[in-house]
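Hi,

Here is the structure I promised to pass on. Have a look at it first, and then read on for what turned up.

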Amino acid sequence: MKIKKRNKKESGQAMLEFVLVLPVFLLILFMIMDFGWLFYNYISVENSARNGARIACVEYQECCYDESSGEPVVDEVFELESVSPYFNTAGMDPDEIPYTQQEIDILKSVDQTLPDSVKDVKVKISYSYDSAPETGLGFNVNDRSKGDVTITVTGTMRVLTPVLGNADNHMQKTIGSSSTYKVERNSSSAD
């Protein structure tokens with residue numbers, strides 16, 4: 001008498017293993033893509049802060065400065081969406097533009113470096129001399145070369161995975177960077 005071996009049916013085992021491993025695999029794949037996307041946007045924000053600081057360290061006499069009072073505007077924060085209509089000021093009445101040309105140039109250089117994926121961008125311009133003048137003689141915009149300028153750029157970006165974002169913040173991640181440069185003496189200022 002022959003004993004027959006029972007054939008084990010394993011045709012569904014591979015499908016079951018695939019279904020169990022697929023979500024973990026996709027989560028890891030999307031996390032890699034998300035961190036790459038975050039890194040790309042962070043590098044862009046960092047470059048935009050550096051470009052803005054490079055301009056602000058040279059062109060500084062009319063930036064964050066109230067000519068009527070002769071006082072600095074300390075730690076001024078600009079929202080790019082509200083400033084961007086003034087990037088092309090040709091044909092506009094200069095009295096209707098609330099920003100100086102130097103502020104517009106700084107903010108335009110920041111905007112040109114940022115990708116479209118970074119939204120709600122805020123730019124903070126800080127001159128260290130404005131916060132703590134070294135002399136008791138009062139503020140003089142020509143003396144800004146005694147300090148540094150710091151440009152801080154912050155914005156939000158969309159993320160793919162719940163690892164970086166969640167429903168509370170609408171899958172948004174806030175990213176930011178700052179750059180500090182020594183203010184150079186303006187060639188038009190007297191020694």
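Predicted model: local features only at pLDDT ≥ 70, side-chain atom pairs only at ≥ 80, totals over all residues.

Of the 191 residues in the protein chain, 34% count as buried.

On to the fold. The protein chain has four helices and six strands, and along the sequence they come in the pattern α-β-β-β-α-α-β-α-β-β. If you take the contacts between residues at least 6 apart in sequence, 73% of them join residues at least 24 apart.

The sheet is an open one of four strands, ordered β3-β4-β5-β6 and paired antiparallel. β3 and β6 (172-182) stand at the edges with a single partner strand each, so one side of each has no neighbour in the sheet. From one strand to the next, the twist averages 15 degrees. α1 lies across β4, β5 and β6, and runs at about 30 degrees to β6.

Now the inside. Nonpolar side chains tend to be buried together in soluble globular proteins. In this model the largest nonpolar core has 33 residues, and those with the most contacts inside it are Leu 80, Val 123, Ile 125, Tyr 127, Ile 151 and Val 153. Two or more residues each come from α1 (13-56), α2 (80-83), α3 (101-113), β4 (119-127) and β5 (148-158), and α1 gives the most, with five.

Setting aside neighbours within four places in sequence, Ile 125 is in contact with Cys 63, Cys 64, Asp 75, Glu 76, Phe 78, Ile 106, Val 149, Thr 150 and Ile 151.

Ile 106 is also one of the buried residues of α3, along with Gln 102, Glu 103, Ile 104, Leu 107, Ser 109 and Val 110. What covers these buried residues? The cover includes α1, β1 (65-66), β3 (76-79), α2, β4 and β5. The length of α3 checks out too: at 1.5 Å a residue, its 13 residues should span 18 Å, and the end C-alpha atoms are 19 Å apart, which agrees.

Cheers

Definitions and conventions: Residues numbered from 1 in each chain as written. Heavy atoms only, no water. Core = buried A, V, L, I, M, F, W, Y, C linked by side-chain atoms within 4.5 Å. Buried < 20%, exposed > 50% of the residue type's maximum accessible area, 1.4 Å probe, protein only. Contact = heavy atoms within 4.5 Å. Expected span 1.5 Å × (residues − 1). Pairing = 2+ DSSP bridges. Axes fitted to C-alpha atoms, helices over the stretch in contact; angles between N-to-C directions.
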